[in-house]
Amino acid sequence: MIEELRSIASLAEEEIQSTETLNALTSVKAKYLGKKGLITERIRSLRSLPPEKRPEYGRLLNQIKNRIEELLKEREGYLKEADLDRRLKAESFDVTLPGFCIPFGHLHPATRMLNEIIDIFVSLGFSVMEGPEVELDYYNFEALNIPKDHPARDMQDTFYISDDVVLRTHTSPVQVRVMEKHTPPLSVVAPGKVYRCDADISHIPMFHQIEGFMVDEHITMGDLRGVLEVFAHEVFGPQTAIRFRPSYFPFTEPSAEVDISCVLCNGSGCRVCKNSGWVEVLGAGMINPRVFEMAGYEPGRYTGFAFGMGVERITMLKYGISDIRLFLENDKRFLEQF
Amino acid sequence: MKVSIEWLQEFVDFKLSPQELSHLLTMAGLEVEASETVDGDTILDVSITPNRADCLSVLGIAREISANLGVPIRQPLISVKEDETTSPDIEIIDTEICHRYASRIIYGVRVGQSPEWLVRRLEAHGMRAVNNVVDVTNYVMLEMGHPLHAFDLNRLEGRRIVVKRAGDVGRFKTLDGEERRLNRDMLMIWDAVRPVAIAGVMGGLDSEVTPSTTDVLLESAYFDPVSVRRTSKALGLTTEASYRFERGTDIEMIVRALDRATALIKELAGGRVTALTDNYPIPYTPPEVSVSLQRIRGLLGIEIDESSIVEILKRLNLQYKKEGEGFVITPPSFRRDIQQDVDVIEEVARLYGYEKIPSTMPAIRLKRIEGNDNFRTIRLIKDAMVKAGFSEVINTSFLNPSALDELNIPDNDRRRRLVHIKNPLRREESCLRTTLVPSLLNNAVLNQNRGERAFSLFELSRVFFDRAEALPDEVMQMAAIHCRPLRPSIWEKAHNGFYDIKGAIEGLFDFLKIKGYSFQRSDKPPQPYLNPVRSCAIVINGEVVGSVGELHPSVVSLYELRGDISIFEINDLEALIRAIPSRITYRQLPRFPYVERDISILVNKDVPVAEIEGVISSLNSEIIESVRLFDIYTGKQIPPEKKSIAFTIRYRSSDRTLTDDEVDELHSKIIDTLRHTINAELRG
Ligand SMILES: [Zn+2]
């Protein structure tokens, strides 16, 4: 009897391992564990055995039943997985086809650069202010210590609306407008469009500037240098060196042209830097006391610095754009690169 | 300003290569922009800022080199032997604009060609040789920075000079042969009866030195910078002389320059020299500028000691007196730019070396300035447009006024209130934009001409309206253009581009949390350049803020555009920004389930979907959560004047689970209402 049980068990194991479908597995299960299954029937007839044989025989029967259940479960798991594999193989598609979406547009590179610059100064605690693009001669020139009939007016070719109204030639008038309304401490950047009556291969009549200024009781030229160094490192990388050269702007004294080490050749000399290793990026200086006077500040109390830069110029250096006229052309293929 | 290194070396000793000298000058604030080698000499092109008139000469640049290197300067040797005791007859009438006039006469000169060395120097510095007398005046101007003029004495009526304004003269022929129209205030040099030169700008044709001249009257004078500049600007005539006079010449150098020229003329052309006439009615008084040590150190952020400052002052010829904890400075007459303490501080910094100023970070008290946060919102708006697939363009603010006619803008429209530029670069750019649309159309033309067929562009810029104030009204606007081919590729959905651009607006408004907006049609098209039956106004809280539509076919063909082109405009972006809620208020998530019912109806083709939605929302039921359109159909199985519209209504209550009866009752009420109001027939 025991022998018979053992042979049923080994037969069941063989049959289970050789089934290839879930359906076949169900019939194997019925054959052994179903209502009239080989194991079920023997469990049922257990009572007819002599009492002294029951425990041993019963134990073995139970073992075999558990073993078969275990094998069935295992095989079922295996067959289900194989089934899913087969189905998935049939459903594969070409993942190299392009995805569907409305492609994002692009910010104009000047806007992109302007945002970057504003963020740097805002992170240093500067506020952002704006002013009109059509400006009084007073704010654009006179309050910045550039009187009528002064040769410094030749530094900027000006579009005139009337004798007293101009298209602003720089963002510096915002300096005066802010100082008229607010007292120090002040740290402000003023971005915006400016206009010059000038158009050739290297000039466009409208471009963007960003003006920055800081006024308090003890601001030094060293502070100006420190702040501009942060700017240069953020925009052009920490290896960038800056250089101050004496220059002249009527609204700052001392005044400086600020150069950075050439971003193309790292200072070794190339076409962009005319082999000097340096490129001019902005003008700056300590705010002229006459400007404070014009704004109505108490004489001698405050010092401050100011700087102004052409955004397109910075953008050209940063991205290696060689023709400034591209900024106003708005060719899709240009815009899409930024 | 061109300057020869060889010439510089006549006045100052230095052993620098041309590159080293260029670097020294550049770092001193005299930027060397170019250099060229001529006959073994190097000519530098130095950019001189308007404040440094003292450097518009070889001597001036030599002075800078001397100050920077700390080596002495050699002044030119000047000695004039007078042959006659008479002196020129000079009268200054308008003394407030001619502070000094010095003169000598040289009798019996032989006018001829200059020697080669002189011709070469003039030419290397960008000047043309004329004759030995004129060339000497130019040579001395280049060397010493003071412009001189030579008259043919025998062509001066009464052999005298009078300095006074033009008054009624009217016209005057300058030595370049041009007839100039004078205004009353221009300062002129006269003889006894008529003007013979425009003071400080250009001499007259009738009194110039020619080969037949035998007697020369030399002029060395100081003319007021503003007066010379006004004259030069009014005449549109800038000369080497006017350029120097308007920046300020050295009034104390006048006689030395005159004598230098006199001696050279005598050397090259012979002649007998008269005594000097030096009319100097308004003598120069140098300013006194006080500057404290603390202010120098405090402004520059450097620890510089007193003796270093003194050394710098000496090198620059700035006379100083110690006074308390600082100095009183008297600048030399050639440094008219030094007027305030900061001017002295700049000089100290220049010679100390800008590069030696250490970088520090400012210790500033933080302060927030109220007023301008729009730039943040504008950045959000631009970013949202970019995410909707639009690329940003930036155009110049100029407008060709004829563009308004091309867009059929009516005469009384606000956009006709143009701001005109007095000196435009081109007639096509003579006004400021009152609308962004023409720029976008031009961008579309450019891109189509370069072979691009599909693109979406937007611009966010200010436009300018003239008004009864000094400054125009500057209004921030946004406009976008969307262009796609008429026949989209098969994988693109066949719909009008209008819906793309409208979707972008809806997306933008939802992103900005703007509620209460709608797109409204009326009998009058929202813009004359839009297709009248495919356009509408954009309305927020009852206020028209813009328009959207397909471009009018006549504008499409006028601009020679192709494809399906739609445009939207927001006329006042700040009004739009004001409609953005100042804060977001959280609403409880719904706790009860919704019930959805579909409706499919037939209505007349001309009934807009918005009207159906309006009818449903007019029922004002609290439990209608949303109405969502999912199909529109015209064609087979439907009468030709009808369309079929299907939508899903979602019902939900905030305080209970809805029963089927409740929903059914409302749903049939909706159907009844649609039947009565817009003649809807229920389908299927
Ligand atoms: Zn380089």
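Biologist: What spacing do the donors of the zinc ion follow along the chain?
Modeller: The spacing is C-x2-C-x4-C-x2-C. Keep in mind that this is a predicted model.

Biologist: What makes an atom a donor of the zinc ion, and which atoms qualify?
Modeller: A donor is an N, O or S atom within 2.8 Å of the metal. The SG atoms of A:C262, A:C265, A:C270 and A:C273 lie at 2.2 to 2.3 Å, so they pass that limit.

Biologist: Where in chain A are A:C262 and A:C273?
Modeller: Both are in the loop between β7 (252-261) and β8 (278-287) of chain A, 11 residues apart. A:C262 and A:C273 are also both buried, which means that each has under 20% relative accessible area.

Biologist: Chain A also has cis peptide bonds. How do you know that the bond between A:P184 and A:P185 is one of them?
Modeller: Its omega is about 0°. A:P185 lies in the loop between α7 (173-181) and β4 (186-195) of chain A. Another cis bond joins A:E253 and A:P254, with omega about -5°, and A:P254 sits in strand β7 of chain A. Most peptide bonds are trans.

Biologist: How many residues of each chain take part in the contact between chain B and chain A?
Modeller: Chain B gives 83 residues and chain A gives 93. A residue counts because heavy atoms come within 4.5 Å across the two chains. The area buried between the chains is about 7,700 Å², with 57% of it from carbon and sulfur atoms. Of the area that chain B buries against chain A, 9% comes from B:Y354, B:I369 and B:I394, more than from any other three residues.

Biologist: Why is the pair B:K422 and A:D163 called a salt bridge?
Modeller: The rule asks for a side-chain nitrogen of Lys or Arg within 4 Å of a carboxyl oxygen of Asp or Glu. The closest N and O atoms of B:K422 and A:D163 are 2.9 Å apart, so the pair meets the rule.

Biologist: How do you know whether B:N620 is buried or exposed?
Modeller: B:N620 has 66% relative accessibility, over the 50% limit, so it counts as exposed. Its phi is positive too, near 55°. B:N620 is in the loop between α18 (609-617) and β29 (624-633) of chain B.

Biologist: Which residues of helix α2 (residues 18-27) of chain B are buried, and what covers them?
Modeller: The buried ones are B:L21, B:S22, B:L24, B:L25, B:T26 and B:M27. Their cover includes β6 (242-249) of chain A, together with α1 (5-8), β2, β3 and α3 (58-69) of chain B. After α2 of chain B comes B:G29, with a positive phi near 100°.

Terms used. Residues numbered from 1 in each chain as written. Chains lettered and ligands numbered in written order. Predicted model: local features only at pLDDT ≥ 70, side-chain atom pairs only at ≥ 80, totals over all residues. Heavy atoms only, no water. Donors = N, O, S within 2.8 Å, 3.2 Å for Na, K, Ca; no water. Helix = DSSP H or I, 4+ residues; strand = E, 2+ residues; numbered from the N terminus. Buried < 20%, exposed > 50% of the residue type's maximum accessible area, 1.4 Å probe, protein only. Buried area = accessible area lost by both parts, 1.4 Å probe.
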